[in-house]
Amino acid sequence: MIINTNRLTYTYIEFDLTRRCNLQCPHCFRGDAQDIDMSHDVIDAFFEHTQAIYHLLFSGGEPTLYIDGMRYVLDAA
């Protein structure tokens, strides 16, 4: 395996894919939901500088409201 020293390896990374949320959890510290998703350009830019990720977590508001973003990250990974 060739390791590109210009790229980073992450033990743990969390993608806050979206600020959308269909829940109103009283314990939520993220604030009010917003209609904002992480763009594919931002995801591409992250992976241009990434060698490996060992643990990946999807978060945000409610990440399952942005399945396309989850698939895009997994395809890029």
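The crossing of helices H1 and H2 is right-handed in this predicted model.

**Helix packing**

Two packed helices are described by the angle between their axes and the distance between the axes. Helix H1 spans residues 40-48 and helix H2 spans residues 67-76; the two pack at an angle of about 20°, and their axes lie 10 Å apart. Because angles under 35 degrees count as roughly parallel, H1 is roughly parallel to H2.

On the H1 side, the contact is formed by His40, Ile43, Asp44 and Phe47, which meet Asp68, Gly69, Tyr72, Val73 and Ala76 of H2. By residue class, this contact comprises five nonpolar, two polar and two charged residues.

**Overall architecture**

The protein contains two helices and four strands. Along the sequence, these elements follow the pattern β-β-α-β-β-α. Taken along the principal axes, the C-alpha atoms fill a box of roughly 45 × 20 × 15 Å.

**Largest pocket**

The largest pocket holds about 350 Å³ of space. Its lining consists of 15 residues, and those nearest the pocket centre are Cys21, Cys25, Cys28, Arg30 and Gly31. The lining residues divide into six nonpolar, five polar and four charged.

| Contact of H1 with H2 | five residues | two residues | two residues |

Note on methods: Residues are numbered from 1 along each chain as its sequence is written. This is a predicted model: local features need pLDDT of at least 70, side-chain atom pairs count only at pLDDT 80 or more; totals for chains, interfaces and linings use all residues. Side-chain values use heavy atoms; hydrogens and water are left out. Axes are lines fitted to C-alpha atoms, for helices over the stretch in contact, and angles run from 0 to 180 degrees between N-to-C directions. Angles under 35 degrees count as roughly parallel, over 145 as roughly antiparallel, 65 to 115 as roughly perpendicular and the rest as oblique. A crossing is left-handed if the near helix is turned anticlockwise from the far one by less than a right angle, and right-handed if clockwise. Contact means heavy atoms within 4.5 Å. Ala, Val, Leu, Ile, Met, Phe, Trp, Tyr, Cys and Pro count as nonpolar, Asp, Glu, Lys and Arg as charged, and the others, Gly among them, as polar. On a 1 Å grid over the protein atoms alone, a cavity is a set of points where a 1.4 Å probe fits but cannot get out, and a pocket is an open set with protein on both sides within 12 Å along at least five of seven lines; lining residues have an atom within 4 Å of a point. Grid points are joined across faces, edges and corners, and a volume is the space filled by probe spheres set on the points.
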